[in-house]
Amino acid sequence: MSRKSGVILSYVLMVLEVLSTLLLTPFIIRTLGQAEYGVYKLVASINAYLLLLDLGIGNAVIRYVAMYRVEENKLKERQFVGVATLFYLGVAALAIILGCILILLFPTVFANGLSKSQIKLGQLLLFVTMLNSAVTLGSAAYNNILIAYEKFAVSRVASIVQIIIRIILTYVALLLGWGSVGIVLVNLIMTVIIRGFFVCYVFWSLKLRPKFKGIQLTFVKEIVKYSSLVLLQMIATQINSSVDQILIGSLVQASAVILAVYGVGTQIVQYFQSIGSSFTGVLMPGIVKLVERKASPIDLTNEMIRVGRLVFMVLSLIWCGFLVFGREFILLWAGEDNSDAYFVASILMFA
């Protein structure tokens with residue numbers, strides 16, 4: 001039942017995310033203007049690389065916590081949470097250091113594509129989003145623990161509440177004239193509140209506290225060995241999804257407006273991808289249980305085929321519909337200035 005409710009809440013969350021984009025993006029573009037919106041999207045794509053510092057440990061948290069729950073090995077579970085906590089705190093500190101370096105390099109890298117005022121704005125936005133990434137990474141273990149415990153309702157409902165409040169606060173910030181800085185400040189505040197809730201829930205409701213004593217080196221090696229494979233996938237996905245905007249910003253002259261158009265297209269693609277990927281987090285603990293209970297390769301393959309077939313049918317239907325109605329949708333949604341985003345979205349969705 002928890003998996004079914006998890007899937008339902010995942011899709012409710014996804015629908016809210018899409019609706020928030022549909023409702024807010026036209027207002028954001030018209031409030032910020034094409035140039036500032038382009039800088040905002042460029043900074044978002046740069047900041048996404050800081051989240052690669054997760055190094056795939058997030059998936060390892062889900063796998064090993066779920067595994068130790070099946071084995072009823074509370075000691076190793078607490079030790080693992082201790083390792084994950086120390087790792088993510090170190091990663092959060094590293095994210096701040098790398099973020100500061102990126103802020104210093106920003107004027108040099110984007111001198112060709114952005115004006116001086118746009119560069120200063122980009123540096124300020126990057127500073128705030130860097131702090132957001134540090135908070136996200138520093139508390140990532142506890143969000144994944146909720147998934148491993150199959151507390152999908154807690155995780156998804158909290159995220160749903162976060163989106164609703166963020167929409168309201170973002171709208172108010174834009175009305176007050178805070179611009180893109182107001183948007184990223186709202187995101188930072190909401191991240192701190194929700195992530196703090198996740199940590200408190202794990203400590204006091206699940207009664208799971210990290211244990212930092214007695215951690216063996218072989219234990220750490222096993223985690224790194226597993227997560228390294230996930231890291232390769234994360235790097236490939238991130239390069240495929242974000243490097244294009246960075247190249248446009250650094251190589252194309254007066255690229256802020258172009259980045260705005262490209263950003264509208266990639267925004268559609270991101271939510272298209274989320275329709276398929278929303279299954280993953282919910283199904284992961286169940287797959288771990290199948291493996292730990294020595295399920296046959298045929299059973300595992302059948303599970304993957306069943307899920308893959310369903311996702312493919314849904315994505316294909318959406319893509320075909322976008323080919324027919326997508327251009328008119330973008331004209332109504334983002335305006336004539338962003339009409340070329342139709343070609344960006346159509347090509348990337350097909351890939």
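Predicted model: local features only at pLDDT ≥ 70, side-chain atom pairs only at ≥ 80, totals over all residues.

Q: OK, so is Q267 buried or exposed?
A: Q267 counts as buried, because its relative accessible area is 11% and the cut-off for buried is under 20%.

Q: Where does Q267 sit?
A: Q267 is part of helix α10, which covers residues 256-292.

Q: And which residues does Q267 touch, leaving out those up to four places away in sequence?
A: Those are T21, T25, Y37 and K41. With K41 there's also a polar contact, side chain to side chain, at 3.2 Å.

Q: Switching to the surface: which residues make the nonpolar patch of about 710 Å²?
A: I164, I168, Y171, V172, L175, L176 and W178 make that patch.

Q: Take L175 from there. Which helix is L175 in?
A: L175 belongs to helix α7, residues 152-175.

Q: Why is L175 called exposed?
A: Because its relative accessible area is 54%, and exposed means over 50%.

Q: New topic, cysteines. How many disulfides does the structure hold?
A: The count is 0 disulfides. For reference, a disulfide is a covalent bond between the sulfur atoms of two cysteines.

Q: What about C200, how accessible is that residue?
A: C200 has a relative accessible area of 37%, so it's partly exposed.

Q: And C320?
A: C320 is partly exposed too, with a relative accessible area of 41%.

Definitions and conventions. Residues numbered from 1 in each chain as written. Heavy atoms only, no water. Patch = residues over 30% accessible without salt bridge, like charges linked within 9 Å, V, L, I, M, F, W, Y side chains within 5 Å. Areas by Shrake-Rupley, 256 points an atom, 1.4 Å probe, with all protein chains shown as cover. Salt bridge = Lys/Arg side-chain N within 4 Å of Asp/Glu carboxyl O. Helix = DSSP H or I, 4+ residues; strand = E, 2+ residues; numbered from the N terminus. Buried < 20%, exposed > 50% of the residue type's maximum accessible area, 1.4 Å probe, protein only. Polar contact = N/O pair within 3.5 Å; in protein donor to acceptor, adjacent residues only side chain to side chain. Contact = heavy atoms within 4.5 Å. Disulfide = S-S within 2.5 Å.
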